[in-house]
Amino acid sequence: MKLQFLQFIKEPEQISFHLIQISSFANQSWAKHQGSGWLDELQIHGWKSESGTIIFLHTWSKGNFSNKEFVFLELLFREYFIGLTQQIQTHASQFHFEYPFEIQASASCELHSPESPESFFQAAFEGSDFLSFQNISWVPAPEGGSRAKKICDLLNRYEGIKEIVYNLTRNTCPRFLLGLLDAGKRELQRRVRPEAWLSSGLTVEPGRLLLVCHVSGFYPEPIWVMWMRGEQEQVGTKQDDILPNADGTWYLRVILEVAAEEASGLSCRVRHSSLGGRDMILYWGHHTSVNLVLLAVIVPVILLLIPVLRA
């Protein structure tokens with residue numbers, strides 16, 4: 001799994017909310033749509049395509065919108081997916097769409113300040129930029145070629161659709177984002193410092209070690225962990241999936257396989273929003289491994305049992 005440093009929840013003037021759509025068209029009669037809503041890197045909504053309803057992943061995912069407003073949005077999204085499917089299947093041959101293919105779209109708004117929000121709508125075809133919505137018009141991307149231009153010419157004829165997209169991105173989205181920041185303030189500002197420790201294990205190949213960096217009890221989920229030699233990241237570092245703890249915090253294991261004689265001088269470095277901008281660094285050789293901890297527990301127990309066994 002590729003390691004990356006995820007951006008933590010930012011201050012309100014920098015934060016964004018975005019909707020992501022992935023539409024797959026297998027043939028002339030089969031299409032599937034997936035949707036999700038994100039507050040920066042945190043997913044807070046899903047889309048149940050079977051019933052055409054929004055999935056709320058947090059208690060505060062509704063922000064300050066009423067149930068009536070969400071009923072309207074669900075209806076709008078259902079009509080959008082139905083209309084998109086019909087239009088694509090009707091014009092697939094005209095615009096030379098060859099099945100199967102996939103369309104991705106993202107609608108977002110970003111707050112640099114409450115008075116000057118920015119909004120975006122981009123669509124991609126098979127992973128390449130295709131078109132975007134700018135000001136009050138659809139604009140083809142250079143990568144989209146003549147096909148994107150023809151589709152934009154078609155879309156620009158529908159003034160009602162352009163007005164809806166404009167209002168959603170320029171008005172509804174920023175208003176919803178401000179409500180989310182207020183409703184989710186307590187969870188978004190929660191920070192729990194991680195605990196970290198090192199352990200080692202043998203590999204199938206003699207003379208090599210498996211170095212393991214354990215990081216647990218942190219919140220929120222975004223974190224960066226890397227095996228280092230000085231300031232040099234070790235390219236062989238591998239990260240397991242981040243797993244939940246029972247208390248709502250997270251656990252992560254990051255491993256590195258090295259020759260036994262090369263272990264000296266390595267360290268595990270941890271970055272997390274709870275650390276106040278400072279890295280947590282654990283140096284290999286300046287630790288007590290899990291194996292030694294177990295040994296320290298087991299030996300006294302055995303010594304206590306010896307007199308009992310002799311009796």
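Trainee: Which residues does Leu131 touch, leaving out those up to four places away in sequence?

Mentor: Leu131 touches Phe121, Gln122, Ala123, Trp138, Val139, Pro140, Ala141, Ile151, Cys152 and Leu155. Contact means heavy atoms within 4.5 Å. One caution: this is a predicted model, where local features need pLDDT of at least 70, side-chain atom pairs count only at pLDDT 80 or more, and totals for chains, interfaces and linings use all residues. Residues are numbered from 1 along each chain as its sequence is written, and side-chain values use heavy atoms, with hydrogens and water left out.

Trainee: Is Cys152 buried or exposed?

Mentor: Cys152 counts as buried, at 1% relative accessibility. Buried means under 20% relative accessible area, exposed over 50%, and partly exposed in between, with a 1.4 Å probe and protein chains only.

Trainee: Which residues have the most contacts inside the largest nonpolar core?

Mentor: Ile88, Phe97, Phe101, Leu131 and Trp138, in a core of 22 residues. Such a core is a set of buried Ala, Val, Leu, Ile, Met, Phe, Trp, Tyr and Cys residues joined through side-chain atoms within 4.5 Å. At least two of its residues come from each of α1, β5, β6, β7 (128–134) and α2 (145–155). Those elements are DSSP runs numbered from the N terminus: helices are H or I with at least four residues, strands are E with at least two. A second, separate core has 21 residues, including Ile223, Leu256, Ala263 and Trp284.

Trainee: Switching to the sheet. What's the strand order?

Mentor: β4-β3-β2-β1-β5-β6-β7-β8, an open sheet of eight strands with antiparallel pairing. Two strands pair if DSSP finds at least two bridges between them.

Trainee: Which strands stand at the edges?

Mentor: β4 (53–56) and β8 (137–140). Each has a single partner strand, so one side of each has no neighbour in the sheet. From one strand to the next, the twist averages 20°.

Trainee: And what packs on the sheet?

Mentor: Helix α1 (residues 67–91) does, touching β1 (16–27), β2 (30–39), β3 (42–48), β4 and β5. The direction of α1 makes about 35° with that of β1. Axes are lines fitted to C-alpha atoms, for helices over the stretch in contact, and angles run from 0 to 180 degrees between N-to-C directions.

Trainee: How many bridges hold β5 to β6?

Mentor: Nine, between residues 101–111 of β5 and 117–125 of β6. Leu111 has Pro117 in β6 as its bridge partner.

Trainee: What about β3 and β4?

Mentor: They pair antiparallel over four bridges. Trp47 stands opposite Ile54 in β4. Four residues lie between the strands of this hairpin, and Gly52 takes a positive phi near 65°.

Trainee: New topic. How many disulfides are there?

Mentor: Two, from a search of the whole structure. A disulfide is a pair of cysteine sulfur atoms within 2.5 Å. Cys109 is joined to Cys173, S to S 2.0 Å. The link is left-handed, with -80° about the S-S bond. Cys109 lies in strand β5 and Cys173 in helix α3 (residues 159–183), 64 residues apart. Cys109 is buried at 1%, and Cys173 is buried at 10%.

Trainee: Which cysteines form the other one?

Mentor: Cys213 and Cys268, their sulfur atoms 2.0 Å apart. The S-S torsion is about -80°, so this disulfide is left-handed. Cys213 is in strand β10 (residues 208–218) and Cys268 in strand β16 (residues 266–271), 55 residues apart. Cys213 and Cys268 are both buried.
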